[in-house]
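Open the model in your viewer and keep the selection tool ready. Take the stops in order.

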Amino acid sequence: MAIVGYIATDLGFVVHPLGQGLTSATAHDALVEKGVMGNALVWIGAFEIVSWLAIAEMLQGSGREAGDFGLGKGFLKGKSEAQIEKLKYQEIKNGRLAMMAFGGAVTQSVLYDCGFPYTG
């Protein structure tokens, strides 16, 4: 999802009026300077506070696993424990690969000072 937002900004999608004409690479610093990013910090912080309830339940022995938000459980029906463990492992590897790819896209956009497709 991060890369979709990053590319959308470079293609001209603007969420806040003060972000008009900014690239993904320049938007962060400009919007922090104008005080816009404070709002994002408050809303993300509120979400994190609410999500702490699930973490607290997990730590008290509710049986909930880390990262389990109850989505997609239907895909696991009929699968063995070994298959489920393999899917969990693949999901972790996929997430790590996605983070590396996003980092690469950001690095290229900053290094070459260009927008999508970040080829310089």
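The tour goes from the whole chain to single side chains.

**Stop 1: the whole chain.** Show the cartoon. This is a predicted model. The protein chain has 4 helices and 0 strands, and its pattern along the sequence reads α-α-α-α. The radius of gyration is 19 Å, well over the 14 Å that the globule rule gives for 120 residues, so the chain is more spread out than a compact globule.

**Stop 2: the surface.** The protein chain exposes about 9500 Å². Carbon and sulfur atoms supply 66% of that area. Buried residues make up 12% of the 120 residues. Now consider contacts between residues at least 6 apart in sequence: 31% of them join residues at least 24 apart.

Stop 3: The whole structure holds 3 aromatic pairs. One of them joins tyrosine 6 and tyrosine 118: the pair is tilted, 5.9 Å centre to centre, with 55 degrees between the planes.

Compare the cover on each ring. Tyrosine 118 is buried, at a relative accessible area of 4%. Phenylalanine 116 is partly exposed, at 41%.

**Stop 4: the salt bridge.** Select lysine 88 and glutamate 85. How many salt bridges does a search of the whole structure find? It finds 1. Lysine 88 pairs with glutamate 85, and the closest N and O atoms are 3.8 Å apart. The two residues are 3 apart in helix 4 (residues 81-111), which means about one helical turn separates them. Lysine 88 is partly exposed, with a relative accessible area of 31%. Glutamate 85 is also partly exposed, at 42%.

**Stop 5: a nonpolar patch.** Select Trp52, Ile55 and Leu59. These residues form a nonpolar patch on the surface, with about 320 Å² of accessible area together. Finish on leucine 59, in helix 3 (residues 37-59). Is leucine 59 buried or exposed? Leucine 59 counts as exposed because its relative accessibility is 61%.

Note on methods:
Residues are numbered from 1 along each chain as its sequence is written. This is a predicted model: local features need pLDDT of at least 70, side-chain atom pairs count only at pLDDT 80 or more; totals for chains, interfaces and linings use all residues. Side-chain values use heavy atoms; hydrogens and water are left out. Patches are made of residues with over 30% relative accessible area and no salt bridge: like charges are joined within 9 Å, nonpolar side chains (Val, Leu, Ile, Met, Phe, Trp, Tyr) within 5 Å. Accessible areas come from the Shrake-Rupley method with a 1.4 Å probe; for residues, only the protein chains shown count as cover. A salt bridge is a side-chain nitrogen of Lys or Arg within 4 Å of a carboxyl oxygen of Asp or Glu. Buried means under 20% relative accessible area, exposed over 50%, partly exposed in between (1.4 Å probe, protein chains only). The radius of gyration is taken over C-alpha atoms; the globule rule is 2.2 Å times the number of residues to the power 0.38. Contact means heavy atoms within 4.5 Å. Rings of Phe, Tyr and Trp (its six-membered ring) pair if their centres lie within 6.5 Å; planes under 30 degrees apart count as stacked, over 60 as edge-to-face and the rest as tilted.
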